[in-house]
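Open the model in your viewer and keep the sequence panel at hand.

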Amino acid sequence: MESELQARDRIGVQDFVLLEDYKSEDAFLENLRKRYNSGLIYTYIGTVVVSVNPYKTLPIYSQDVIEKYRGENLYELPPHVYAISDAAYRSMKEERVDQCVLISGESGAGKTEASKKILEYLAAISTYSDDVQRIKDRLLLSNPVLEAFGNARTNRNDNSSRFGKYMDIQFDFKGSLLEDISLTIVGKIQSCPSGKRFGERNFHIFYQLLQGGSDEMLENLQLEREKCRIFLSQPGWRHSCGNSR
């Protein structure tokens with residue numbers, strides 16, 4: 001597996017620090033394009049990893065790949081979000097200092113998916129706890145709840161985050177995940193994004209409630225289906241209802 005990864009990573013430059021024409025924006029984008037077209041969505045800039053959303057499933061997140069990156073130095077293997085996750089985890093254990101992974105990008109860049117992969121990696125390598133699977137499920141299943149209340153369909157992304165999120169994950173002195181998980185919304189969730197641009201939708205939870213909520217629930221929430229027809233009448237509104245039908 002390692003030799004295969006190394007062979008694939010000969011395409012382009014895996015670290016922009018090593019780019020010959022490092023001041024050229026065109027050279028930067030061409031390197032990204034070259035690697036992306038070969039299925040290499042990750043590229044380093046020093047200790048920062050740049051990712052390009054492939055909008056498809058890639059076979060680079062299996063348990064075998066997790067094991068390859070476990071305990072390896074940052075540059076031993078090709079760029080990957082697992083490498084960043086492992087570096088943060090090992091620094092926390094060895095230096096006894098809190099670590100922070102910052103994920104940023106435009107709408108649709110893949111920030112939520114990146115956070116899920118980090119959580120998956122941390123849960124997979126925390127082997128000391130007998131309750132790893134239960135804790136892992138709690139971590140991963142929290143995302144749909146936040147997405148329902150804070151995500152909306154926009155012209156650029158069917159599942160665009162309309163808020164910032166800070167997740168605090170606690171470990172014990174052995175490096176095992178603890179159940180004390182704190183989720184904080186950073187900044188105010190913006191008001192209904194619908195109407196700001198043609199074709200954009202309200203938050204997912206709005207459609208989920210209108211579709212599946214009982215008359216009594218909607219009355220308690222002061223939601224009237226008739227008054228909400230402006231949203232229901234827009235073509236394709238069901239697509240922003242998550243798993244609702």
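**Stop 1: the largest pocket**

The largest pocket has a volume of about 1,400 Å³. Keep in mind throughout that the model is predicted.

Select Ser 51, Ala 109, Gly 110, Lys 111 and Ala 114 to find the middle of the largest pocket: of its 45 lining residues, these lie nearest the centre.

Next, colour strand 2 (48-51), helix 4 (81-95), helix 5 (111-125) and strand 4 (160-161); each of them supplies at least two residues of this lining. Which of the elements gives the most to the lining of the largest pocket? Helix 5 does, with seven residues.

Now colour the lining by residue class.

**Stop 2**

Move on to the second largest pocket, with a volume of about 1,100 Å³. To centre the view, select Cys 100, Val 101, Met 167, Asp 168 and Ile 169, which lie nearest the centre of this pocket among its 39 lining residues.

Where does the largest share of the lining of the second largest pocket come from? Select strand 5, which provides eight residues.

Finish by colouring this lining by class as well. The second largest pocket is lined by 19 nonpolar, eleven polar and nine charged residues.

Key:
Residues numbered from 1 in each chain as written. Predicted model: local features only at pLDDT ≥ 70, side-chain atom pairs only at ≥ 80, totals over all residues. Heavy atoms only, no water. 1 Å grid on protein atoms, 1.4 Å probe; cavity = no way out; pocket = protein on both sides within 12 Å on 5 of 7 lines; lining within 4 Å. Points joined across faces, edges and corners; volume = space filled by probe spheres on them. Helix = DSSP H or I, 4+ residues; strand = E, 2+ residues; numbered from the N terminus. Nonpolar A, V, L, I, M, F, W, Y, C, P; charged D, E, K, R; others polar.
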